[in-house]
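Here are my notes for you to read with the viewer open. Take the points one by one and find each piece as you go.

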Amino acid sequence: MRATAIAHTNVALIKYWGKRDEHLILPANSSLSFTVDKFYTKTTVEWDKNSAQDTFILNGEQKTDAKVARFIDKMREEFGITSKAIITSENHVPTAAGLASSASAFAALALAGSSAAGRDDTKEYISRLARFGSGSASRSVFGDFVIWEKGQQPDGNDSFAIPFTNKLCDKMSLVVAVVSDKEKKVSSRDGMRLTVETSPFFEKWVSAAETDLEEMKKAILNEDFIKVGEITERNGMKMHATTLGAEPPFTYFQPQSLEIMDAVRELRENGIPAYFTMDAGPNVKVICERENENIVAEKLSGLAKNVLICHAGKEASVISDEK
Ligand code: PMV
């Protein structure tokens with residue numbers, strides 16, 4: 001049995017930063033994201049009784065990947081099967097550049113894996129499963145705005161994403177200013193762990209993120225773009241502040257990232273509402289209203305390697321299924 005699924009990546013406006021359970025990938029705080037249309041992963045899974053080992057081909061090259069290997073084991077355990085997996089994946093996301101390729105990758109893998117096993121799992125189930133590959137993957141199962149509820153239960157059964165679609169999605173653009181497309185130096189997993197274990201700012205971050213999320217939900221429901229932008233920018237900066245308090249301290253900021261942030265502030269001074277955020281890499285993501293996307297992209301194009309304008313992306317879907 002074989003199935004192909006597509007999932008888009010997402011950019012968090014309220015960040016997930018820090019786990020309360022490393023093994024079950026349970027976050028310390030709930031997060032909220034915007035799924036983007038430009039970056040996605042297309043993955044085919046075949047559960048093959050005759051194969052002696054799992055195979056993983058990414059962009060035409062055979063790979064050995066510990067995270068993928070663990071995730072295949074997790075799927076076998078969940079689905080109660082023993083067959084080996086043949087996985088073929090095309091990643092339309094610059095890998096490991098802070099553009100969360102793992103989010104679309106594990107969302108697509110979970111959905112294709114489940115469908116290839118002949119199952120008809122709910123999106124809620126797929127989101128919970130994708131979480132085991134990468135926390136942010138739980139959010140890539142849905143389109144538009146998405147909230148990943150941290151949940152309360154120790155077993156993590158109530159920790160999955162839910163859609164928070166709103167008309168504001170169609171009025172918003174996300175401009176990605178690519179500073180580097182190289183492999184990041186500190187992975188999100190390692191960065192989070194070091195922050196949780198050593199940063200005195202971590203506890204404050206968790207409570208601030210919860211407050212930011214509540215305000216963000218209200219701002220989205222009011223379709224108040226300015227408020228959404230302000231909360232996005234301050235939440236991202238609070239997340240990055242925790243890394244400076246870690247031991248040893250680290251940062252994802254590069255000189256060019258700071259220049260781009262300045263340019264965004266300058267846009268605002270000139271009456272263009274635009275707000276930045278960053279993830280576990282040096283690229284800067286800027287949100288603005290659609291009518292201003294070209295002005296923003298033009299302003300940033302001299303400072304970045306590449307500038308890409310994205311809009312709201314759709315939920316993950318199965319595009320072919322052969323039983
Ligand atoms: O899903 P992970 O383990 O790659 O972590 C993602 C962490 C951030 O991108 C920095 C924030 C987020 O919520 O996406």
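1. Start with helix α6, residues 225–244, which lies across β10, β11 and β12. It runs at about 30° to β11. Keep in mind while you look that this is a predicted model.

2. Now find helix α7, residues 255–269. This helix also lies across β10, β11 and β12, but α7 runs at about 160° to β11.

3. What about the sheet under discussion? It is an open sheet of 4 strands, in the order β11-β12-β10-β13, with antiparallel pairing. The edge strands are β11 (274–278) and β13 (306–310), and each of them pairs on one side only. On average, and ignoring direction, neighbouring strands here are turned by 25° against each other.

4. Strands β10 (residues 172–178) and β12 (residues 284–289) run antiparallel and are joined by 6 bridges. If you want a spot to check by eye, take Ala177: its bridge partner in β12 is Val284. As background, strands of a sheet pair through backbone hydrogen bonds, either parallel or antiparallel.

5. Next, some helix packing. Two packed helices are described by the angle between their axes and the distance between the axes. For helix α1 (residues 66–79) and helix α2 (residues 101–116), the axes come within 11 Å and cross at roughly 30°. Angles under 35 degrees count as roughly parallel, so α1 and α2 get that label. The crossing is right-handed. On the α1 side, the contact includes Phe71, Met75 and Phe79, while the α2 side includes Phe106, Leu109 and Ala110. By class, the residues of this contact divide into 7 nonpolar, 3 polar and 1 charged.

6. Which residues of α1 meet helix α3? They are Phe71, Lys74, Met75, Glu78 and Phe79, and their counterparts in α3 are Tyr125, Leu129 and Ala130. Helix α3 covers residues 123–130, and α1 and α3 pack at an angle of about 140° with their axes 11 Å apart. The two helices are therefore oblique to each other.

7. Last, the aromatic rings. The count comes to 7 aromatic pairs. One of them joins Trp17 and Tyr252: their ring centres are 6.2 Å apart and their planes sit at 85°, so the pair is edge-to-face. This pair links distant parts of the chain, 235 residues apart. Trp17 is in the loop between β1 (2–14) and β2 (19–21), and Tyr252 is in the loop between α6 and α7.

How values were computed. Residues are numbered from 1 along each chain as its sequence is written. This is a predicted model: local features need pLDDT of at least 70, side-chain atom pairs count only at pLDDT 80 or more; totals for chains, interfaces and linings use all residues. Side-chain values use heavy atoms; hydrogens and water are left out. Two strands pair if DSSP finds at least two bridges between them. Axes are lines fitted to C-alpha atoms, for helices over the stretch in contact, and angles run from 0 to 180 degrees between N-to-C directions. Contact means heavy atoms within 4.5 Å. Angles under 35 degrees count as roughly parallel, over 145 as roughly antiparallel, 65 to 115 as roughly perpendicular and the rest as oblique. A crossing is left-handed if the near helix is turned anticlockwise from the far one by less than a right angle, and right-handed if clockwise. Ala, Val, Leu, Ile, Met, Phe, Trp, Tyr, Cys and Pro count as nonpolar, Asp, Glu, Lys and Arg as charged, and the others, Gly among them, as polar. Rings of Phe, Tyr and Trp (its six-membered ring) pair if their centres lie within 6.5 Å; planes under 30 degrees apart count as stacked, over 60 as edge-to-face and the rest as tilted.
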